[in-house]
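Thank you for making the time this morning. I would like to walk you through a structure that may be new to you, so please keep the sequence and the 3D view open while I talk.

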Amino acid sequence: MATHNSSSDLNSDVTNGEEFEVHVFSSSSELLEKLHEKWNSGKEQPYPAMYSSVFGGITLDPAMMVIPIDDHMVHRGHGVFDTAIILDGYLYELDVHLDRFLRSASKAKISSPFPRSTLRTILIQLAAASKCRKGTLRYWLTAGPGNFLLSPAECPTPAFYAVVIKGDILQRKEGVKVITSNIPMKQPLFATMKNVNYLPNVLSIMEAEEKGAFASIWVDEEGYIAEGPNVNVAFITHDKELILPPFDKILCGCTALRLLELAPKLVEDERLKAVKIANLTLNEAKGMAEIMFVGSTLPVLPIIMWDDRPIGDGMVGELTMALSDLLWDDMVAGPETQRLPIPSSLLIPSY
């Protein structure tokens, strides 16, 4: 079979392209009708609610869940974001994620159009309006719309967006394969803030998928283990010590921090010997008894093979699942400091 187009085929493509006519919408109502066609396909709506400070409220209409193209997050990547879990009608760890969100915004030199208390109230009301009981609540602060320049100096005001994304949140018990990423990782300034510049993250996970792996793991310029594309990595030594890499060059994961708070329970039960933050080389990491990803939607995902090399005995580790149980129990029945009930007066149970 030919692997190239003939000159006649190419000429035909050019001709067809020249004949293509771009439709000009005559009115906003005609455009809105076209947008509704996309979403009125009979499928369940994955995004039940969105908030935008641009129009100053919540919309339940997916056709209206848009942001201005001249927002500097769109064309300059000048924005930060964060995520909270919605599980059984509760928001899990909203406050710690919101605090990290504002720290990221400060590093990115983005001010908020609202005080923290108002941002929090908006997010709770959005979760309630969505009627979603399981999924994620994702939110962004941006330099705002205004122009297509590099500097945000002439943007009238920063923008705040948030959306609820339906999705099943399950405890992960199956093991996955990973690879060592060849994609350069972000510099510490950008890695330690949760900004929207995720091209390295996207390329690293695509690299893994192309090799039949779940995800990749970055190694920093000094040869130490860093993080996954959007998750932290944790290790169990053969002496039953839990080790996480330092957070000085990577994103400080809220779930990883919570794991560090909960893990001493296993030390008390004499199942773990110690809980540590320490650097590990690639060879040291691959020689660990157990390895896991740690992240909000997982919350723990066992890793059983790395670069085609089995981890431990190649099976999901007992201590990995014990740590997973600690986090999962915290998500479904933890203290009020971790779980915020979504106002029930606005919630409609799903059947």
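Predicted model: local features only at pLDDT ≥ 70, side-chain atom pairs only at ≥ 80, totals over all residues.

Strand S7 and strand S13 run parallel and are joined by three bridges, and within that pairing Lys177 stands opposite Met305 of S13. S7 is also joined to strand S8, residues 215-217, again by three bridges and again in the parallel sense, with Thr180 standing opposite Ile217 of S8. Four of the five residues of S7, which covers residues 176-180, are buried, so this strand is largely enclosed by the rest of the structure.

Let me step back to the whole chain for a moment. There are eleven helices and 15 strands, and the C-alpha trace spans about 70 × 65 × 45 Å along its principal axes. Of the 351 residues, 46% are buried. If we take the contacts with a separation of 6 or more, 70% of them are between residues 24 or more positions apart.

Now to the open sheet of seven strands, whose order is S2-S1-S6-S5-S3-S4-S15 and whose pairing is antiparallel. Which strands stand at its edges? They are S2, residues 57-59, and S15, residues 339-341, and each has a single partner strand, so one side of each is left without a neighbour in the sheet. On average, and ignoring direction, neighbouring strands here are turned by 25° against each other. Inside the sheet, S3 and S5, the latter being residues 134-142, pair in the antiparallel sense over nine bridges, and if you look for Leu87, its bridge partner in S5 is Lys134. Helix H4, residues 94-107, lies across S3, S4, S5, S6 and S15, and runs at about 175° to S3.

The largest has 30 residues, of which Leu242, Leu272 and Leu323 touch the most other members. Two or more residues come from each of strands S3, S9, S10 and S12 and from each of helices H8 and H11, and H11 gives the most, with seven residues. To see how one of these leucines sits, follow Leu272: leaving aside residues up to four places away in sequence, Leu272 touches Ile236, Lys240, Glu241, Leu242, Ala263, Leu266, Val267, Leu319 and Leu323. Apart from this core lies another one, of 28 residues, and among them are Val80, Leu91, Leu94 and Ile110.

Seven of its nine residues are buried, so H8 is largely enclosed by the rest of the structure; the buried ones are Cys254, Thr255, Ala256, Arg258, Leu259, Leu260 and Leu262.

The largest cavity has a volume of about 40 Å³, and the residues that line it include Ala289, Ile291, Pro302, Ile304, Met315 and Thr320.

I will finish with some details of the backbone. Most residues other than glycine have a negative phi, and most peptide bonds are trans. Against that background, the peptide bond from Leu298 to Pro299 is cis, with omega near -15°, and Pro299 is found in the loop between S12 and S13. Lys109 has a positive phi, near 60°; this lysine is found in the loop between H4 and H5 and is exposed, with a relative accessible area of 75%. Asp307 also has a positive phi, near 50°, but here the residue lies in the loop between S13 and S14 and is partly exposed, at a relative accessible area of 30%.

Technical notes:
Residues numbered from 1 in each chain as written. Heavy atoms only, no water. Core = buried A, V, L, I, M, F, W, Y, C linked by side-chain atoms within 4.5 Å. Buried < 20%, exposed > 50% of the residue type's maximum accessible area, 1.4 Å probe, protein only. Contact = heavy atoms within 4.5 Å. Pairing = 2+ DSSP bridges. Axes fitted to C-alpha atoms, helices over the stretch in contact; angles between N-to-C directions. 1 Å grid on protein atoms, 1.4 Å probe; cavity = no way out; pocket = protein on both sides within 12 Å on 5 of 7 lines; lining within 4 Å. Points joined across faces, edges and corners; volume = space filled by probe spheres on them.
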